[in-house]
Amino acid sequence: MGNAIMENAMALDEIESAPAKAAPMIEVEVKRWHGAADSRVFGWQTMHVKEALRLQDETFRCPECLGRVRLRQASPEKETDAHAEHYSKNTGCSLGGHFSGEKRPHPKPVS
Ligand SMILES: [Zn+2]
């Protein structure tokens, strides 16, 4: 009789928690004047990408990680709608295409 040590079969399931397919970023934040004429404030405002695409020379950032983003026009060939993407991949942001599953702030947030 061997002295077989039964290994605990409860192998730790290091689950690849497959992150859900990232939804395209369709809202961005833009720093601009907003508000009514008599109470205007300069600050970040959330805006749909389609609206943001009409602006020129503005800085846009991701509403989640605050990293800088660029805007993309809709592309009929690629069947994508207008959306925004990070200048530099951020695996800690669920709005990018590279989300690792764990949210972390962007290393260089735009303020
Ligand atoms: Zn982000």
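## Confidence

The protein chain has an average pLDDT of 83. A score of at least 70 is reached by 80% of the residues. Among the elements of the chain, strand 3 has the highest mean pLDDT, at 96. Strand 1 has the lowest, at 91.

Residues 11-15 have a pLDDT below 50. Beyond near neighbours in sequence, this stretch makes zero contacts in the model. Where pLDDT is low, the predicted coordinates should not be read in detail.

## Strand 1 and its partners

Strand 1 covers residues 27-34, and strand 2 covers residues 41-48. The two pair in the antiparallel sense, over eight bridges. Within this pairing, Val30 stands opposite Gln45 of strand 2. The two strands form a hairpin, with six residues between them. Gly35 lies in the turn and has a positive phi of about 100°.

Strand 1 also pairs with strand 3, residues 60-61. This pairing is antiparallel too and has two bridges. Here Glu29 has Arg61 of strand 3 as its bridge partner. In a regular strand, side chains alternate between the two faces of the sheet.

## Glu102

Glu102 sits in the segment after strand 5, which spans 83-86. Is Glu102 buried or exposed? It is exposed, because 10 other C-beta atoms lie within 10 Å, and a residue counts as exposed at 12 or fewer.

Gly92 is 10 residues away from Glu102 in sequence. In space, the two are 5.7 Å apart, C-alpha to C-alpha.

Definitions and conventions:
Residues numbered from 1 in each chain as written. Pairing = 2+ DSSP bridges. Helix = DSSP H or I, 4+ residues; strand = E, 2+ residues; numbered from the N terminus. Buried ≥ 20, exposed ≤ 12 C-beta atoms within 10 Å, placed from the backbone. pLDDT = per-residue confidence, 0-100. Contact = placed C-beta atoms within 7 Å.
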